Amino acid sequence: MAKRVYQVWQGSNKFFLNGRFIFGPDARSLIVTLMLIIVPVIIFCTLVARHLRHEFTPYNAGYAVLVAAIAFTIYVLLLLFLTSARDPGIFPRNTHPPEEEIRYDSSAEGGARYTPGLQFPRTKEVMVNGIAVKVKYCETCKLYRPPRCSHCSICNNCVERFDHHCPWVGQCIGLRNYRFFFMFVSSATLLCIYIFAMSAFYIKVLMDNQNDSVWKAMKESPASVILMVYCFISLWFVGGLTGFHLYLISTNQTTYENFRYRGDNRINAYDRGCLNNFLEIFCTKIKPSRNNFRAYVQEAIQRPPPSSFTHEAATAAAVDEEHLDSDTREKVQDDLGLGEDLLKISQRRNIEEIDEELCDRGGNGPHHISSEVNSVLDSDYHRDSLTIKQAEIRHSSWGRRGSSSWEIAPEVLATNSRSHHHVSAREEANQLV
């Protein structure tokens, strides 16, 4: 049976309802976050807001305090769900490295040979708004990350416009959920302020109704005091986070960029002005997910993995190198043999030495002398002819191996001229005899 994408997903994400919802690997932290939101709201509704139902001029206007708290809490939880349960902008990984970037590299140091291997440039430069921006190659996802994309080590995915991985929501914050994350944080801040204000107002109501001091009113409603302390502490976190992300949005930065490049004094290629930066975050259409987690997996065309491809390329290169070495050794041996033959030819007796020997042996008879001279010259001629043929064969075969052109070596031409010289010498010797 064919499997779906979420069933063979290589990241660390967790899926629910057959791939309809995607969470990070630390999705259990959501339970803590939910408790931190729901428990204080329940305490507020049961112990504080319930007593404020009839404390306003319209007799039943106090119900609005209770309804507002519940509605606002549901809104915050919805934003939390939209932040945690959706694709944050995962960039699909490749099954094979990009072929257009493959290059081979072989080097030799100290006489040792190294087989070539697949290598990729670690970084490339792309232009963003007229400014050169470096993008890195991701070994895990086998791709060059788009600008502002980074690999999350927790989720094991490359995420577009990666901001950070938030353990409180159990998900990466990226291109497709940053808007909901900011709205969740800011709404949680407003909820803390609302509960803090209503709890303080209830203490004020107790003081007015009973004409008591603050301390007696606080003893009368300890739940209000606890909620005020809890909201005050929470405001330092969610309120501070809201203010920090307001700054990031106004300058069009991400948390990752702010912490990583803070001291580099780099030009921000993405800053379009404060107003346009806010419009980009809140008023642009959210891009659809690049992944269809419920789709069936299609069998990809089988291709050799990079390791085997490298091995085959290295084997082929090694074989070519061995052929090249053997051809080089053959040529060197041929050149050495040809040099020896040429040395022997150059050391032979010239025609004057033959004439002197004929003069010294003048009494042996013409026929004997002529036959001896002919035998000597014939042996030299045949030896020179053999040398010429061997040299031609060697150099012609080497020319075929090394290049497509046919060239006659200068040694062959010299040997050939010497052979013609010996032929003429033999004719002159016969005449003398």
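Select Ser224 to begin; this residue lies in helix α5, residues 222–251. Helices here are DSSP runs of H or I with at least four residues, strands are DSSP runs of E with at least two, and both are numbered from the N terminus. The model is predicted: local features need pLDDT of at least 70 and side-chain atom pairs count only at pLDDT 80 or more, while totals for chains, interfaces and linings use all residues. Residues are numbered from 1 along each chain as its sequence is written, and side-chain values use heavy atoms, with hydrogens and water left out.

Is Ser224 buried or exposed? Ser224 counts as buried because its relative accessibility is 0%. Buried means under 20% relative accessible area, exposed means over 50%, and partly exposed is in between (1.4 Å probe, protein chains only).

Now show what surrounds this serine. Leaving aside residues up to four places away in sequence, Ser224 touches Val48, Ser199, Tyr202 and Ile203. A contact means heavy atoms within 4.5 Å.

Next, select Lys142, in the loop between β9 (131–138) and β10 (143–144). Its phi is positive, about 60°, although Lys142 is not a glycine. Lys142 counts as partly exposed because its relative accessibility is 23%.

Go on to Arg161, in the loop between β12 (157–159) and β13 (164–166). Arg161 also has a positive phi without being glycine, with a value near 45°. At 9% relative accessibility, Arg161 counts as buried.

Then select Arg260, which is in helix α6, residues 255–260. With 42% relative accessibility, Arg260 counts as partly exposed.

Finally, show the whole chain. It has 11 helices and 14 strands, and 36% of its 433 residues count as buried. Of the contacts with a separation of 6 or more, 65% are between residues 24 or more positions apart. The chain exposes about 26000 Å², of which carbon and sulfur atoms supply 59%; accessible areas come from the Shrake-Rupley method with a 1.4 Å probe, and for residues only the protein chains shown count as cover.
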